[in-house]
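Please look through the structure below.

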Amino acid sequence: MAATSTLTRRPLTMSASDVETKTSADSHSDMPTSDASARGAEVYSRYRFLAIYDWWVLGVVSSLAWACSVRSFTVPWCRRSIRKGEHLDIGVGTGYCLTKADLTGVKLTLVDLNPDSLTTTKNRLVDQGKVKAEETRCLLHDITRPLPPSCPKFNSVSLYYLLHCMPGPMPAKTAVFAHLKHSMTPDGVISGTSVLGKGVSHNLFGRIIMFWMNRNGWFDNRGDNAEDFTEALKEHFHFVETRIEGVVFVWRASKPRV
């Protein structure tokens, strides 16, 4: 179970080195976010949810509902998937996995639809000495749309517990791979996890969480299945490694097909 920690939510400071972040965020205003995408992100601003996220989502729910321990499985998987150079983390939550990774030699870009998540994650990583504030980019962006052209090519990309929150059927979700690969280096690595809705057996606790999250529009994953995710990854990457941990689809893919 994830350790409980105190998360600060100071204003996200900007300096001259953050001009690219401001420009990217401003460009997002030309691409309006769908109501469904916004619903999936807005829960992170409710009821001080980020303050209990590590304990509740990454600890209790991940271990007991999804049967996928973040501490013993997801964190090591994430560590092995981050490459030195440019790293992109999408759907940042509280940045828990990043706090457990070696970010030496890593230039970090954080992408999320929720500014509170971006603020919390950047401040947490800076406070722990994992990254320097002036070298960490934050981008308020809907990942269902291509990244702004001002973004660099990324050596690695991570999407942990994100795709099950995205609205739409499987083709709409796997389209993310199609445009992200164009923002990656030739030997780039993409990894992530997503809670499945089909082809797995949820326990009672999991079924309750699934019902509640889907009913409120915070999840949209009743039709999500490992086969469609795997097929999409193989279409867009040369090397694909997948597994199901509990009811969670886990993947690592590399060398984009472009």
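The model is predicted, so local features need pLDDT of at least 70 and side-chain atom pairs count only at pLDDT 80 or more, while totals for chains, interfaces and linings use all residues. Residues are numbered from 1 along each chain as its sequence is written, and side-chain values use heavy atoms, without hydrogens and water.

The whole structure holds four cavities of 30 Å³ or more. A cavity is a set of points on a 1 Å grid over the protein atoms alone where a 1.4 Å probe fits but cannot get out, and its lining residues have an atom within 4 Å of a point. The second largest cavity has a volume of about 160 Å³, the space filled by probe spheres set on the points, which are joined across faces, edges and corners. Its lining has 15 residues, of which G91, V92, Y96, C97 and Y160 are the closest to the centre.

Helices here are DSSP runs (H or I, at least four residues), numbered from the N terminus. Both α3 (49-65) and α5 (96-99) supply at least two residues of this lining; the largest share, three residues, is from α5.

Helix α3 also packs against α8 (residues 204-215): their axes come within 8 Å and cross at roughly 130°. Axes are lines fitted to C-alpha atoms over the stretch in contact, with angles from 0 to 180 degrees between N-to-C directions. On the α3 side, W56, V60, V61, L64 and A65 meet F205, G206 and I209 of α8, where contact means heavy atoms within 4.5 Å.

Notes
1 Å grid on protein atoms, 1.4 Å probe; cavity = no way out; pocket = protein on both sides within 12 Å on 5 of 7 lines; lining within 4 Å.
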